[in-house]
Amino acid sequence: MSTRTGTDKGAGARTGPGGSTGGAGALPRAWSLGLSRGALEIRQFARQRDAVIFTFAFPIVFLALFASIFSEGMEGTGVTASQMYAAGMVAAGIMSTSFQSLGISIAVERDEKVLRRLRGTPMPPAAYFLGKVWMVLATGLAETAILLLVGSALFDLDLPTSASKWLTFAWIFVLGLAGCALLGIAISSLPKSGKSASSVVVLPFLILQFISGVFIPVHQIPDWLLNIGALFPLKWMCQGLRGVFLPESAAVLEQAGGWEYGRVALVLGAWVLGGLVLCLLTFKWKSRRDG
């Protein structure tokens, strides 16, 4: 608990663990509490077996289904449909562990008044979000590693052999995870209750997977649907990751006939900034019933 000394009465400074106060000590305190909060979030997630199974199994099951059913070669590209599905499903897995996970879990915590109780504690608000970031990062890395293992072992997904390809994968992963996580935090304010959170969050995510090149190859999707998908980060994550894992010959199947890494970075970066603005404008610590 925080204490007050005679020297901080005028400033109203709050003394935290270890004697740190506001100002210069606020950020380190929030960072250390965020690490502790992140460890707690990961433990809580691991204890929810149904959530763990759903989060990790969902993209793997769909990868196995689509890659097994549609395994023919793509004419003139030197790749198979299963390789394309594997690359796209990695992107969907990243969005699943960030957008979907946060959108549902935060809505439930708000409905159960967990957020309201946390807001009344001395814990800096930034520590709560840092904890979510660490949880999303850990689950996102685990999900991606599993999908890469399954894709390379069962569906001939070629892992990059050059440092530049892995660097490209790294920045797509970081920007995509950050943008989708912020979008998940923002959408968590839409459900009226924790019970409706799954429907509100899962439906748009499912639609995006169909129009962003996850379940259906991009060259088979009408341009007007692809243009709608291009407004959101998933389409660009899929496109960028296909560029990482597929040969250059497969770029002819893309809407623009290339990987467009510059545009991928621009759109994902814009979603990081836009998602942050949306969070600041929409996030609430209390449910609508609480005012």
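**Close-up 1. Helices H5, H6 (163-187) and H10 (261-282) each put at least two residues into the lining of the second largest pocket.** In this predicted model, H6 is the biggest giver here, with seven residues in the lining. The second largest pocket comes out at about 350 Å³. Its lining counts 17 residues, and Val133, Ala178, Ala181, Leu182 and Ile185 sit nearest the centre. By class, that lining is 16 nonpolar residues and one charged, with no polar ones.

**Close-up 2. The largest pocket has a volume of about 450 Å³.** Look for Phe45, Gln48, Ala51, Ser101 and Ser105, which are the closest to its centre out of 18 lining residues. H3 gives the most, with six residues. As for residue classes, this lining splits into eight polar, six nonpolar and four charged.

**Close-up 3. One cavity of 30 Å³ or more turns up in the structure.** The largest cavity takes up about 50 Å³. Around it you'll find Met84 and Tyr85, then Gly213, Val214, Ile216, Pro217 and Val218, plus Arg242. Sorted by class, the lining of this cavity has six nonpolar residues, one polar and one charged.

Close-up 4. The lining of the largest pocket includes eight polar residues, while the lining of the second largest pocket has no polar ones.

Technical notes
Residues are numbered from 1 along each chain as its sequence is written. This is a predicted model: local features need pLDDT of at least 70, side-chain atom pairs count only at pLDDT 80 or more; totals for chains, interfaces and linings use all residues. Side-chain values use heavy atoms; hydrogens and water are left out. On a 1 Å grid over the protein atoms alone, a cavity is a set of points where a 1.4 Å probe fits but cannot get out, and a pocket is an open set with protein on both sides within 12 Å along at least five of seven lines; lining residues have an atom within 4 Å of a point. Grid points are joined across faces, edges and corners, and a volume is the space filled by probe spheres set on the points. Ala, Val, Leu, Ile, Met, Phe, Trp, Tyr, Cys and Pro count as nonpolar, Asp, Glu, Lys and Arg as charged, and the others, Gly among them, as polar. Helices (H or I, at least four residues) and strands (E, at least two) are DSSP runs, numbered from the N terminus.
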